[in-house]
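Open the model in your viewer and color it by confidence. The tour goes from confidence to a charged pair, then to a surface patch.

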Amino acid sequence: LSIRRQRQMCIRDRDVKAADIAEKLGVSVRTVENQIYKAIKIMRHAMREYAVPAIFLVLSNLLNTLSR
């Protein structure tokens, strides 16, 4: 993620309104909303690579625990 998107995501995590973010960055509210949407989309795509192995690992550990 770009520095700008990272900054917007950090601000968003603090429950700051898009209008406040836009004012601080000197951009439109719609721009902030679009950038946050794109950042979330990028993060979701990146997480897909790890989702299946993580689920497999958790289930494998659970089955090992239950079989003891």
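pLDDT is the predictor's confidence in each residue, on a scale from 0 to 100. This is a predicted model, where local features need pLDDT of at least 70 and side-chain atom pairs count only at pLDDT 80 or more, while totals for chains, interfaces and linings use all residues. Residues are numbered from 1 along each chain as its sequence is written, and side-chain values use heavy atoms, with hydrogens and water left out.

Start with the whole protein chain. Its average pLDDT is 78, and 81% of the residues score at least 70.

Next, select residues 3-13. This is helix H1, where confidence is lowest, at a mean of 65. Move to residues 18-25, helix H2, where confidence is highest, at 83. (Helices are DSSP runs of H or I, at least four residues, numbered from the N terminus.)

Now select Arg30 and Glu33. Their side chains form a salt bridge, 3.3 Å from N to O. The term means a side-chain nitrogen of Lys or Arg within 4 Å of a carboxyl oxygen of Asp or Glu. A search of the whole structure finds one. Both residues sit in helix H3 (residues 29-66), three residues apart, about one turn of the helix. Are they buried or exposed? Arg30 is exposed, at 53% relative accessibility; Glu33 is partly exposed, at 37%. (Buried is under 20% relative accessible area, exposed over 50%, partly exposed in between, with a 1.4 Å probe and protein chains only.)

Finally, select Ile55, Leu59, Leu62, Leu63 and Leu66. They make a nonpolar surface patch of about 520 Å². Patch residues have over 30% relative accessible area and no salt bridge; nonpolar side chains (Val, Leu, Ile, Met, Phe, Trp, Tyr) are joined within 5 Å, like charges within 9 Å. Areas come from the Shrake-Rupley method with a 1.4 Å probe. Ile55 lies in helix H3 and is exposed, at 52%.

Key. Helices (H or I, at least four residues) and strands (E, at least two) are DSSP runs, numbered from the N terminus.
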